[in-house]
Each structure stands twice: as structure tokens, then as C-alpha cells.
Amino acid sequence: MELAAAKLKFIEAWGKLGSEWGINRTMAQVHALLLISPEALTTEEIMEALSISRGNANMTLRDLIGWGLIEKQHKAGERKEYFFADKDVWNIARQVAKERKKRELEPVLKVLNELSNVTGDEKDPAYKTFKKSLTDINKLAGNVDKTLETMLKAEESWFWGSVLKVFK
């Protein structure tokens, strides 16, 4: 397979993977393009490479910056903005985990915390079932939160070594 075809296949696969993780397909494809580009790219270069509109490109680049996955760069003497992605996959994984924790897990933890104050008759089966389900989900969510916090603070080799010990 030629490099150009391999790049297109990677961009398409990364886009599909991103959409399965709940990330916009175009956002994942732009990230993939920047991930495999040795140099920072302009909005126009991204639009041309992926056949997307300026509005879509601008919105997607803004989202990727918001997720902390790309940086905007300026070159001396040029008015154009350039965009560059961190190539370190461990940094990428940690950044995605951090953003998903903030956007998905933390709101759930907040609601679970509010719901933990529910009162009712301890003899009522509906109350007991609700309380037990809530307690179990809260425990799981808390453990996921702790695991993500550990991942966010850890070095890659220590984290994977620790995870692999669990499965031995």
C-alpha cells in the first residue's frame, strides 16, 4: 500500500473510531490528519485534504483546541494560522480521558451525589431497590473516577505495568 492510500485509510479509521467513542467523525478525522502530518497545517490545507467546508473546519479546529488535542501556531511574517497535534499517544489518551471525565463522568457523579440524599421507608421494596442500585452505581462511578485520576497523573510505563499486574 502506498503512503497516500495508507494515510487516507488511517484518517478514515480514526474517524470511525472517534465516532464510536462519541466524538464527531470530522473532529476525529481532522485530528488524525494533524497527527500524521510532520508539519503544522493551515485551515485551507485541512479543508482541501478532507474535502470539508471552511465553517466545518473552523468549528472542528475550535473543538479540538477546546479538547486540548491540538495547538494553534503562528509563523513569523505570515497571517495564516497553523494547527499542530501532539504526536505522543500517551498524552493524547490522557487528554481524551481528562475531557471525557470532565464532560461525562463528573456530571453523573454530581447527580448521583444529589440522589444519595433520597429518603424513604426502609421497608418499601421500591425504595430499597432504588437505594441499592444508586449505591452500586455510585461505587462503580467512584472507582472509574479514581482510575482515571490515577491515569491522568501516571507515567505510561507505570500505569500499564500496574494494569497488567491486575490481569496476571
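## Secondary structure

Helices (H or I, at least four residues) and strands (E, at least two) are taken here as DSSP runs, numbered from the N terminus. On that basis the protein has seven helices and three strands, and along the sequence they follow the pattern α-α-β-α-α-β-β-α-α-α.

This is a predicted model, in which local features need pLDDT of at least 70 and side-chain atom pairs count only at pLDDT 80 or more, while totals for chains, interfaces and linings use all residues. Residues are numbered from 1 along each chain as its sequence is written, and side-chain values use heavy atoms, with hydrogens and water left out.

## Overall dimensions

Along the principal axes, the C-alpha atoms fill a box of roughly 70 × 40 × 35 Å.

## Domains and their interface

Domain 1 covers 3-85 and domain 2 covers 89-165, with bounds from an automatic or database domain assignment. Their C-alpha centres are 31 Å apart.

Contact (heavy atoms within 4.5 Å) joins seven residues of domain 1 to six residues of domain 2. The area buried between the domains is about 690 Å², with 70% given by carbon and sulfur atoms; buried area is the accessible area (1.4 Å probe) that two parts lose on being put together, summed over both. Trp21, Trp67 and Leu69 supply 68% of the area that domain 1 buries against domain 2, more than any other three residues.
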